[in-house]
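Me: I'd like to learn how to read a few features in a structure. Could you walk me through them?

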Amino acid sequence: MILPRAFFDRPVLDVAPALIGATLLVDGVGGEIVEVEAYDETDPASHSFRGMTPRNQAMFGPAGHAYLYKIYGIHFCLNFVCLPGSAVLIRALRPIAGLERMQARRGTVAEKQLCSGPGKLAQALGLDLRQNGLPLDAAPFEVRMGAAQEIVTGPRIGITKGLETPWRFVAKGSGFLSKRMENPSGAM
DNA sequence: AACTGGATCGTCT
DNA sequence: GACGATCCAGTTG
């Protein structure tokens, strides 16, 4: 079933683990979500920590919409907005649909390299700022519920603040992660 | 396997 | 004017 906007209209720490195992497609291209991170306004690593700005306004908009931003001047990252000021960063997929399109966009055929990181994933799915603020329950997006998964939690990747907060969620044993889980803090 | 530096630019200090 | 929710190629061990 397609995840309704109401699915996202609750605490980001509830939504993030529930997304592991879900299917994300953009124009029919994508796969199973195997890695996410949670961010909220109480969190110094979050874009929303210092309040709303032109860049992050989608993060304060309605739940169930996309927040996309450019990072390091080069890459784009996709988030699912939850309660105001909170969002789930989608970090990795297990490719399922549209392999050829993803391979063409990424310039590689190795399946494990297609969506194993937020920038790679955005590139493979053809995402950029044009999708910022779009609803997740309408074209080109399609987010479908998946079966419950075994989940491991731990510290988030690539941040300098908030390292003590274990808000990274990955599918246990997945071979499609951006990085292996270094300091797991729990399982679900 | 682990670590390095370079690419490149919008955002906020 | 510095830096970042990243990726890649290159080097070293």
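Me: Is N79 buried or exposed?

Reply: Buried means under 20% relative accessible area, exposed over 50%, and partly exposed in between, with a 1.4 Å probe and protein chains only. N79 has 4% relative accessibility, so it counts as buried. This is a predicted model, in which local features need pLDDT of at least 70, side-chain atom pairs count only at pLDDT 80 or more, and totals for chains, interfaces and linings use all residues. Residues are numbered from 1 along each chain as its sequence is written, chains are lettered from A and ligands numbered from 1 in the order in which they are written, and side-chain values use heavy atoms, with hydrogens and water left out.

Me: And which residues does E35 meet through polar contacts of its side chain?

Reply: A polar contact is a pair of N or O atoms within 3.5 Å; within protein, one must be able to donate a hydrogen and the other to accept it, and residues adjacent in sequence count only if both atoms are side-chain atoms. The E35 side chain pairs this way with the side chain of R91 at 2.8 Å, and with that of S178, also at 2.8 Å. E35 is buried, because its relative accessibility is 0%.
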